[in-house]
Amino acid sequence: MLNAIISNIVKDFRIEFRSRFAVNIALSFAAITTLAISLTAGGVRLGSQTQAMLFWIILFFSAMNGLAHVFTREEEEGTALFLRVTSPAAAVYTAKLTFNIAVIFIIAAVISPLYVFFLNVDLVAPSAFAAAVCAGSLAIASSATVLAAIVARAGGRGSLFTIISFPVVLPPLWVAIGATRASISGSTSTEGVIFLLAFSGALVAVSYMLFGHIWIEE
Amino acid sequence: MLITRLVYIFMPTAVIMAFCYAPAAAVLGETSRLLYFHVPLAWISVMAFAVSGVAAMLFLADKKSRFTRMEDSFHNSASLGTLTAVLATASGSVWAKLMWGSYWNWDPRQTSIVILLLIYSAYFSLRSALEGKPARGRLSAAYIIIAMTAMPFFVFVVPRVFPSLHPDPVINPDMKIHLEIEMKLTLLISVVAFSLLYFYLLEILNRLSRIRNAVEVQHHE
């Protein structure tokens, strides 16, 4: 089982390293939207609530561009069937979840300094900001991975992934915005981060139970 | 069938009680009669979602084919849930306009029902995308369960994001209905009547699905 997980993770990272499709698209989208907001704001200093909202909207839509790719690629390239035969469903899910967490962390690591730089954000509590970004990203990746598997089985149609993800991702998005706003204002409260970790745990647990039904062909 | 008879007794009783038995509320006046339709509709929209979730779980857990019709049940329940959520939103908006001065205020209950409508809309979008695929039942059941897992988190989050405007007599921290006895009885009868109506309609829809499936099987043969 552990070998299957590791080999799947290595495979996914190797394929991504060759094409860099998911990360490139997500990062380009994030950079364009950050610059677009900065340009249209015209140097105006935004309030902490607006800054937090815009930051998470950019991160959410950038992630939506990259996170579904891990499953749609398998279906498009016809490798899903081999994966079903060679690896247990739990190993596939664990590998894809790890890959998606890595992808969203890379996106967040690039967007955060860009956003702080271009939108003149004064971070009073940088460690609380980092904790909110990491926990929020983890919550988005945890819920989006299983939904990406569903969308891939549905033929990976365009905006379907965003449509079905949005209602599920809304609670962590709200809390992440609140925690980010608080961190920009200087609060170091951990309540939001704990909520995001609990949400991630619940979604991952349910996803493990459901993944076999989603992934295996009858 | 017992449920049919009960619906025919409870629904007219609820309507008559709402208009003739229950008194108008002190501040809200005659508009308070909307309570006996708006609250049961909102209740059914949530109950339908819970029934969909349970039916979806039974459908996925069913390895011995004991619950073969659960796919139709959770889909039909979601359809009824969508209809009642739309009606609850519409009746609530009319009431909000009369009481608070605008149709929409992002009150926690309004926000919650919008989220429920978003989930239903996402579910139907997914179902349309899976048209003709053998995995349609399993994938849409999985989505309902995932959405149901996220639901308790909304209960925690939404009241913290939006302050409530909803009246205290029905929705309050001590979880008691602070209404006059006639109003409380009418509301109770109305909730029971609408719940029975939901199960009655669900049964009719399930029967229709069975007929449609049988016709399709015959057509393929």
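What share of the contacts in chain B with a separation of 6 or more is accounted for by residues 24 or more positions apart? The share is 75%, where two residues are in contact if their C-beta atoms, placed from the backbone, lie within 7 Å.

The model shown in these views is predicted, so that local features need pLDDT of at least 70 and side-chain atom pairs count only at pLDDT 80 or more, while totals for chains, interfaces and linings use all residues. Residues are numbered from 1 along each chain as its sequence is written, and chains are lettered from A, with ligands numbered from 1, in the order in which they are written.

**View 1. Chain B and its helices.** Chain B has 6 helices and 0 strands, and from the N terminus its elements run α-α-α-α-α-α; helices (H or I, at least four residues) and strands (E, at least two) are DSSP runs, numbered from the N terminus. Of the 221 residues in chain B, 38% are buried, a residue being buried if 20 or more other C-beta atoms lie within 10 Å of its own, exposed if 12 or fewer, and partly exposed in between.

**View 2. The packing of α2(B) against α6(B).** Helix α2 (residues 35-61) and helix α6 (residues 181-220) of chain B pack at an angle of about 45°, with their axes 9 Å apart. Because of that angle, α2(B) is oblique to α6(B); angles under 35 degrees count as roughly parallel, over 145 as roughly antiparallel, 65 to 115 as roughly perpendicular and the rest as oblique. Axes are lines fitted to C-alpha atoms, for helices over the stretch in contact, and angles run from 0 to 180 degrees between N-to-C directions. Residues in α2(B), among them Trp43(B), Ile44(B) and Met47(B), meet residues in α6(B) that include Leu187(B), Val191(B) and Phe194(B). The residues of this contact divide into 13 nonpolar, 3 polar and no charged, where Ala, Val, Leu, Ile, Met, Phe, Trp, Tyr, Cys and Pro count as nonpolar, Asp, Glu, Lys and Arg as charged, and the others, Gly among them, as polar.

**View 3. The side of chain B that touches chain A.** Here 24 residues of chain B are in contact with 25 residues of chain A. The elements that give two or more residues to this side of chain B are α4 (108-129) and α5 (136-161), and α5(B) gives the most, with 13 residues. The residues on this side divide into 21 nonpolar, 2 polar and 1 charged. Among the buried residues in α4(B) are Arg109(B), Ile113(B), Tyr120(B) and Leu126(B).

**View 4. Thr89(B) in helix α3(B).** Thr89(B) is found in helix α3 (residues 70-100) of chain B and is buried, because 23 other C-beta atoms lie within 10 Å. Thr89(B) and Tyr103(B), 14 residues apart in sequence, are 9.8 Å apart in space, C-alpha to C-alpha.

**View 5. Two partly exposed residues of chain A, Asn120(A) and Leu54(A).** Asn120(A) has its place in the loop between α6 (89-118) and α7 (126-153) of chain A, and its phi is near 50°, a positive value in a residue other than glycine. Most residues other than glycine have a negative phi. Asn120(A) counts as partly exposed because it has 13 C-beta neighbours inside 10 Å. Leu54(A), in helix α3 (residues 48-67) of chain A, likewise counts as partly exposed, with 19 C-beta neighbours inside 10 Å.
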